[in-house]
Amino acid sequence: MQLLMNPLTAPVADPAALEALAALYAYPDGVRGGRPWLRANMVSSLDGSARLAGLSEGLSSAADKRIFGVLRALADVVLVGAETVRAEGYRPARARKEFAAARAAAGQAPAPAVAVVSRRLALDLSAPLFTEPLVRTVVVTTEDSPAEARRAVAAVADVVVAGERSVDLAAAVAALAARGWTRQLTEGGPRLLGGLAAAGLLDELCLSLAPLLTAGDAPRIAYGAAVEQVRAMRLESLIEEGGFLFTRYVRVEDGPTGPAAG
């Protein structure tokens with residue numbers, strides 16, 4: 001793996017090593033204004049598709065999976081949409097021995113929790129995500145979610161109610177932070193990422209760019225709610241391996257913003 005651009009804060013000599021990648025992708029010390037740091041990790045084709053044959057797996061690579069694992073190993077919680085859980089066959093995050101000491105020193109659980117955003121609660125509660133997690137899975141839902149389904153979910157997961165008819169993502173992020181989970185990671189899917197971006201909640205985007213042209217009608221990495229104010233992002237690091245580009249962007253606090261194109 002070749003480092004094409006060093007991050008401004010932590011130059012890395014050997015980005016192929018897990019330790020170097022962990023330093024490259026380290027969360028910032030403290031939190032901005034008392035708020036947690038929410039990063040997204042997504043993969044896209046050259047023409048903007050977030051899926052190939054209906055899944056993100058087809059756009060991935062060995063290096064992408066390596067970075068995926070490091071980002072999970074650094075996080076307190078992984079926030080993901082129910083549609084992605086169903087489509088991708090989500091399993092609980094696993095503990096990794098390479099990060100065990102660092103997580104213990106940081107006061108983290110052996111693995112991050114997974115928090116699923118679901119309004120309808122159409123979830124397979126017999127899946128390993130609910131029966132085998134190291135840290136109890138959390139389901140974020142709404143006040144008007146089906147009562148019977150909510151009771152069933154509560155038997156196997158922690159339920160967080162955020163919003164009345166649609167999930168209030170700001171309230172969801174705050175509720176996760178109230179549990180001490182300030183190092184937050186979202187893996188989408190595109191609708192959830194679009195909602196987080198529209199709500200101004202996204203601090204960082206780690207985007208893997210696959211050297212593929214796919215065309216078709218797959219969604220881009222973020223879609224749905226319109227962003228009222230376009231947010232500037234600053235490139236922090238860029239890695240290349242096998243034609244894949246692995247970018248890391250952080251939001252520019254006082255940088256230029258403007259109205260989204262109508």
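Colleague: Hi! What's the volume of the second largest pocket?

Modeller: The second largest pocket comes to about 700 Å³. The model is a predicted one, where local features need pLDDT of at least 70 and side-chain atom pairs pLDDT 80 or more, while totals for chains, interfaces and linings use all residues. Residues are numbered from 1 along each chain as its sequence is written, and side-chain values use heavy atoms, without hydrogens and water.

Colleague: Which residues are closest to the centre of that second pocket?

Modeller: Ala-197, Ala-198, Ala-222, Val-227 and Arg-231 are closest, out of 24 lining residues. A pocket is an open set of points on a 1 Å grid over the protein atoms alone, with protein on both sides within 12 Å along at least five of seven lines, and lining residues have an atom within 4 Å of a point. Its volume is the space filled by probe spheres set on the points.

Colleague: And which elements give two or more residues to that lining?

Modeller: Helix α8 and strand β9 (229-231) do. Four residues, the largest share of the second pocket's lining, come from α8. Helices (at least four residues) and strands (at least two) are DSSP runs.

Colleague: Tell me about α8, then. Which of its residues are buried?

Modeller: In α8, residues 190-198, the buried ones are Pro-190, Leu-192, Leu-193, Gly-194, Gly-195 and Leu-196. Buried means under 20% relative accessible area with a 1.4 Å probe.

Colleague: What follows α8?

Modeller: Gly-200 does, and its phi is positive, near 70°.

Colleague: Back to pockets! What volume does the largest one have?

Modeller: The largest pocket has about 850 Å³. Its lining is made of 30 residues, and Ser-56, Phe-68, Arg-72, Tyr-90 and Glu-187 lie nearest its centre.

Colleague: Which elements give two or more residues there?

Modeller: Those are β2, α2 (62-74) and α3 (82-88). With six residues, α2 gives the most to the lining of the largest pocket.

Colleague: New topic: where does the charged end of Arg-39 sit?

Modeller: Over the ring of Tyr-27, 4.2 Å from the ring's centre. For Arg, that call needs CZ within 6 Å of the ring centre and within 35 degrees of the ring normal.

Colleague: Last one: are Phe-244 and Phe-246 buried or exposed?

Modeller: Both Phe-244 and Phe-246 are buried.

Technical notes:
Buried < 20%, exposed > 50% of the residue type's maximum accessible area, 1.4 Å probe, protein only. 1 Å grid on protein atoms, 1.4 Å probe; cavity = no way out; pocket = protein on both sides within 12 Å on 5 of 7 lines; lining within 4 Å.
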